[in-house]
Amino acid sequence: MVLLGWILAFAAAAGLLYQAVGARLSARRYPPPGALVDVDGQRLHRVCTGTGKPLVLFEAGIAASSLSWTLVMPEVAAFTRACAYDRAGLGWSDPSQSARTVDRMVAELRGVLAGADSRKAAVLVGHSFGAFLILVYAARYPDEVAGLVLLDPPTEWQDFGANRARLVRRGIQASRLGGLLARIGVVRACLALLTGGAPGVPRHGVRVLGPTAVRTLEHLVGEVRKLPPDVHPVVQALWCQPKCFRGMAEHLAALGEMGAAAGRVTSLADIPLAIVSGGDQPAEILAKHGELARLSSKGRHVVAAKSAHWIHLDEPALVVSVVREIVERARGSGAVR
């Protein structure tokens, strides 16, 4: 037993060293592509490109970063100014300094917009969890929103019963475990195997995490591989950081509150609105998305027939087309003059 204790202690120390060296190298290789802006004493990463009005701001999914918009943002920047940011605890942003409440996230979004040369109303584009966040924002600050694009909003999570609560608790527990494993270099080693190992290596090499975690990691790696190859190591480097697992746990804990807040939105008046659903969604979810589109007198519902949940990775050209449509409608309404 004493020998086993020494072996485990040595392995943990080696893992801590491996993680520390890897994190230092990653920080040098992949610095923030944008700026770290102060929002109420907290540094959030925001990246902008292009010129024109209205500003289009992209809000990522529950644990995703600004990198998830890599296929869409440059195309939107060709016809207007485009920005994306990382919520607290994710991407290049600092860890959160307070609980991830709806009020706090809405306030941070407003702070990011205020410093992004957004003197007029902006078009907001959100995916999944981010779709709920921009929906709540638009309901609270309609004069600051020129249009909305909601990509596959997770309406199924608005019915937050015992089963959903249990799934969230498991997700939070898994995220906390992931943060612990990230601290001792296990996540870094596992992702290296998953992204660069020979066929057959990923499942055998990372099975220490358990079958569910392996399937989740492989699914996420599959989504990341839809991005340009030069982005893959950047995403990998970000997800080797313990803070990202903490950020994921915090956002999962806020999912019920965010879904409830989105459910309380009863009207968006005449704000130009597009709901884009993944083509693999069941009929009941498509019906709920259709109801969301009717929150605005200028709303419409689009089904991305070739897409799953990550529409902006599966059909980026469609997303760009929908964003362009909303931008043109906002310009025509006079909201951005």
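**Entry 1: ground rules**

I take helices (H or I, at least four residues) and strands (E, at least two) as DSSP runs, numbered from the N terminus. This is a predicted model, and I number residues from 1 along each chain as its sequence is written. Local features need pLDDT of at least 70, side-chain atom pairs count only at pLDDT 80 or more, totals for chains, interfaces and linings use all residues, and side-chain values use heavy atoms, with hydrogens and water left out.

**Entry 2: helix α5**

I began with α5, residues 162-183, and what follows it. G185 comes after α5 and has a positive phi, near 85 degrees. Next I checked the length of the helix, where the expected span is 1.5 Å times one less than the number of residues. The 22 residues of α5 should span 32 Å, and the end C-alpha atoms are 32 Å apart, which agrees. For burial I use relative accessible area with a 1.4 Å probe and protein chains only: buried is under 20%, exposed is over 50%, and partly exposed is in between. Among the buried residues of α5 I noted V168, I172, G178, G179 and L181.

**Entry 3: the sheet**

Which order do the strands take? I read β1-β2-β4-β3-β5-β6-β7-β8, an open sheet of 8 strands with mixed pairing. Two strands pair here if DSSP finds at least two bridges between them. β1 and β8 (299-304) are the edge strands, and each pairs on one side only. Neighbouring strands are turned by 25 degrees against each other on average, direction ignored; axes are lines fitted to C-alpha atoms (for helices over the stretch in contact), and angles run from 0 to 180 degrees between N-to-C directions.

I then followed R46 in β2. β1 (residues 35-39) and β2 (residues 42-49) pair in the antiparallel sense over 5 bridges, and A35 stands opposite R46. β2 also pairs with β4 (residues 82-85), antiparallel over 4 bridges, where Y85 is the bridge partner of R46.

Helix α12 (residues 283-293) lies across β7 and β8, at about 170 degrees to β7.

**Entry 4: S277**

S277 sits in β7 (residues 273-278). Is S277 buried or exposed? At 0% relative accessibility, S277 counts as buried. The S277 side chain makes a polar contact with the side chain of H301 at 2.6 Å. A polar contact is a pair of N or O atoms within 3.5 Å; within protein, one must be able to donate a hydrogen and the other to accept it, and residues adjacent in sequence count only if both atoms are side-chain atoms. Leaving aside neighbours within four places in sequence, the contacts of S277 (heavy atoms within 4.5 Å) include D152, L286, H289 and I311.

I looked at T155 too, in the loop between β6 (145-151) and α5. T155 is buried at 2% relative accessible area. With neighbours within four places again left out, T155 is in contact with F132, I285, K288, H289 and L292.

**Entry 5: aromatic pairs**

My ring rule: rings of Phe, Tyr and Trp (its six-membered ring) pair if their centres lie within 6.5 Å; planes under 30 degrees apart are stacked, over 60 edge-to-face, and the rest tilted. I get 4 aromatic pairs by this rule. F58 and W69 have ring centres 4.9 Å apart and planes at 35 degrees, so this pair is tilted. F58 is in strand β3 and W69 in the loop between β3 and α2 (73-76), so the pair ties together parts 11 residues apart in sequence. F58 is buried at 0%, and W69 is buried at 1%.

W157 and F160 form a tilted pair as well, with centres 6.1 Å apart and planes at 45 degrees. W157 is buried at 18%, whereas F160 is partly exposed at 33%.

A cis peptide bond joins K53 and P54, with omega about 0 degrees, and P54 lies in the loop between β2 and β3. D40 is not a glycine, yet has a positive phi of about 55 degrees. The hairpin of β1 and β2, where D40 is found, has 2 residues between the strands. D40 is exposed at 55% relative accessible area. S128 also has a positive phi of about 55 degrees without being a glycine. I found S128 in the loop between β5 and α4 (129-140), where S128 is buried at 11%.
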